[in-house]
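These are my notebook entries on what I looked up in one structure, kept in the order in which I went through it.

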Amino acid sequence: MLDKPATPKITHAPQTMTWPDGRTVAVIFNIAYEAWSDGKAPGIGPMGNPLPSGNFDENALSWGRYGSVNGINRLLRVLDRTKTRASVMVSGILAERQAAIVKSISQAGHEISAHSYAQDLIPSTLSADEDEKNIRDTTAAIEAATGARPKGWISPRGTAGAATVNRLVAAGYEWHSDVLDSDVPYSQEFPNGSIVAVPFGMEINDLPHAMRFGKTPRQFVENFNDFLEHALLTKDSTFAIEVTAHAHCYGRPGGAWAYEEIAKVCVGRDDIWLPMRGEVADHFKRHLGG
């Protein structure tokens, strides 16, 4: 067990790095397929008035449960119709509760990344033993459902603990996305190995968009279109635009159409790259000759 966090050696991409064929803009489609431990509920929900302290929020729990079957299947149909591949963040508990769905995600050619065992298990709040167990249990659950060990990890809130990334290296992970401090991937080298940090972008993300700021699905599409238009006008940097839908939020009819509209804008274009997160990590490693 790793009790003390090691400070990694950082290797950044050269400033001249672009995406394949010289493109400077990538668009990554993400789906968050999330669930909570038994007896736990999401910290947010659709009701504006919070319950008094100490009262369990059955409303928020019911809202969060929507994604486990209805929401994920609607978003998977969107991806199928638009011939779009996505990186799907999967809670380990859903790999147990909905193993057939998780297997179908993998079989459809989408990428599955480990997303903790449950949303209430945030690595920064766990002890060293709990953090290690969380990684082990999540990995095993996804491997049992899909037949393959996940290569990538994203913590709930993108919030790793002090030694979580070091533990991911020990567990054989190739990349993680618990960073927001760069536009392009970089390498973190620890005494026990290295891992690629693939930054996560929050600009086009349904949960803060709808639940925090109260914006509409049409504004979700407009925000993306504005971002892409201006990104393509500027050729002096390389970066990715992340389009993220949570199965329990924009997996609903009122939001899924917006996710689909953005996919329609992107599919078939030759001026942007449409990778999954693992492909971004692989591109970085190839560029460095690793």
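Before sorting any side chain by exposure, I note the cut-offs: buried means under 20% relative accessible area, exposed means over 50%, and partly exposed is what falls in between. I also note that I am working from a predicted model.

Entry 1, salt bridges. I looked up the salt bridges and found 12 in the structure. In helix α5 (residues 128-146), Lys133 and Asp137 are four residues apart, which means about one helical turn between them, and their salt bridge brings the closest N and O atoms to 2.5 Å. Of these two, Lys133 is partly exposed at 45%, and Asp137 is also partly exposed, at 24%.

I then turned to Glu242 and Arg277, whose side chains meet in a salt bridge of 2.5 Å, N to O; this pair links distant parts of the chain, with Glu242 in strand β10 and Arg277 in helix α10, 35 residues apart. Glu242 counts as buried at 3% relative accessibility, and Arg277 counts as buried at 0%. I also recorded a network of salt bridges that links Glu174, Asp282 and Lys285.

My search of the whole structure gave five aromatic pairs. One of them joins Trp19 and Trp273, with ring centres 5.4 Å apart and planes at 40°, so I describe the pair as tilted. Trp19 lies in the loop between β1 (9-12) and β2 (25-33) and Trp273 in the loop between α9 (253-266) and α10 (277-287), 254 residues apart; both are buried. Phe220 and Tyr250 form an edge-to-face pair, 5.0 Å centre to centre with 75° between the planes. Since Phe220 is in helix α8 and Tyr250 is in the loop between β10 and α9, the pair ties together parts 30 residues apart in sequence. On a separate line I noted that the charged end of Arg252 sits over the ring of Tyr66, 4.1 Å from its centre.

Thr238 sits in the loop between α8 (217-233) and β10 (239-246), and is buried at 10% relative accessible area. Beyond its neighbours within four places in sequence, Thr238 has contacts that include Trp19, Thr24 and Asp183.

Technical notes
Residues numbered from 1 in each chain as written. Predicted model: local features only at pLDDT ≥ 70, side-chain atom pairs only at ≥ 80, totals over all residues. Heavy atoms only, no water. Helix = DSSP H or I, 4+ residues; strand = E, 2+ residues; numbered from the N terminus. Buried < 20%, exposed > 50% of the residue type's maximum accessible area, 1.4 Å probe, protein only. Contact = heavy atoms within 4.5 Å. Phe/Tyr/Trp six-rings, centres within 6.5 Å; stacked < 30°, edge-to-face > 60°. Lys NZ or Arg CZ within 6 Å of the ring centre and 35° of its normal. Salt bridge = Lys/Arg side-chain N within 4 Å of Asp/Glu carboxyl O.
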